[in-house]
Amino acid sequence: MKKILCLMIALIMVLAFSCLVTAADTIPVYVDGQRVSFDVEPRIINGRTMVPVRAIFEALGAKVEWNNDTRTASATKDGFRISLTMDSFLIMIGDSDYIEMDVTPINIDGRLLVPARFAAEAFSCEVDWLNDVRTVVIESKEYREALAE
């Protein structure tokens, strides 16, 4: 009976510790003051905070499309379109301009993850990394203008 009780206590401690580690590894992302919910959690890869492209673009108010043949995600907001392709360093801005990223979008658990900064800045947003709390804060131009009023 003591062995079973000790085993149960040890199991509870392991589960509690794993929850703490998972919570500590979570990277919150806020867009215009609202926390973004992700089905695949943001993570830091090669020094970049990577976020699921659909969730971040939709949080910015963009309509997102996925072309499975070309493995390209496109986001459109107010007639402005950006596109990025898995394993490519380039983000297409509009019809002919490009921004080069220092990492490529990658597939994790069926989701295309992109660097939060490049994705948000492509839509003229300001991005801050709050290192002390490991949090990404993104503010759109419209949000900043509303705050200034």
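Good morning. Two remarks on conventions come before the structure. Residues are numbered from 1 along each chain as its sequence is written, and side-chain values use heavy atoms, with hydrogens and water left out. As the model is predicted, local features need pLDDT of at least 70 and side-chain atom pairs count only at pLDDT 80 or more, while totals for chains, interfaces and linings use all residues.

I begin with the whole protein. The secondary structure comes to 4 helices and 13 strands; these are DSSP runs numbered from the N terminus, helices being H or I with at least four residues and strands E with at least two. Of the 149 residues, 34% are buried. Buried here stands for under 20% relative accessible area, exposed for over 50%, and partly exposed for values in between, with a 1.4 Å probe and protein chains only. The accessible surface is about 9,400 Å², and carbon and sulfur atoms account for 55% of it; the areas come from the Shrake-Rupley method with a 1.4 Å probe, and for residues only the protein chains shown count as cover. Contacts are defined by heavy atoms within 4.5 Å. Among contacts between residues at least 6 apart in sequence, 39% join residues at least 24 apart.

I turn to the sheets. Strands of a sheet pair through backbone hydrogen bonds, either parallel or antiparallel. In this analysis, two strands pair if DSSP finds at least two bridges between them.

E5 pairs with strand E6 (residues 72-77) over 5 bridges in the antiparallel sense, and tryptophan 66 has alanine 73 in E6 as its bridge partner. At the other end of the order, E8 and E9 pair over 4 bridges, also antiparallel, with leucine 90 opposite glutamate 100 in E9. These two strands form a hairpin with 3 residues between them, and glycine 94 in the turn has a positive phi of about 65 degrees.

A further open sheet consists of 4 strands in the order E2-E1-E13-E12, with mixed pairing. Its edge strands, strand E2 (34-35) and strand E12 (126-130), each pair on one side only. Strand E1 (residues 29-31) and E2 are antiparallel, with 2 bridges; tyrosine 30 is partnered there by arginine 35 in E2.

Next come the salt bridges. The criterion is a side-chain nitrogen of Lys or Arg within 4 Å of a carboxyl oxygen of Asp or Glu, and the whole structure contains 9 of them. Lysine 77 lies in E6 and glutamate 142 in H4, so the pair joins parts that are 65 residues apart in sequence. Lysine 77 counts as buried at 17% relative accessibility, whereas glutamate 142 is partly exposed at 44%. Arginine 71 and aspartate 87 also form a salt bridge (3.0 Å, N to O). Arginine 71 is in the loop between E5 and E6, and aspartate 87 in the loop between E7 and E8, 16 residues apart. Finally, Lys63, Glu65 and Arg81 are linked in a network of salt bridges.

I close with single residues. Leucine 60, in the loop between helix H2 (53-59) and E5, is buried at 6% relative accessible area. Not counting residues up to four places away in sequence, leucine 60 touches several residues, among them Val31, Lys77 and Ile138. Phenylalanine 89 lies in the loop between strand E7 (80-85) and strand E8 (90-93) and is partly exposed at 40% relative accessibility.
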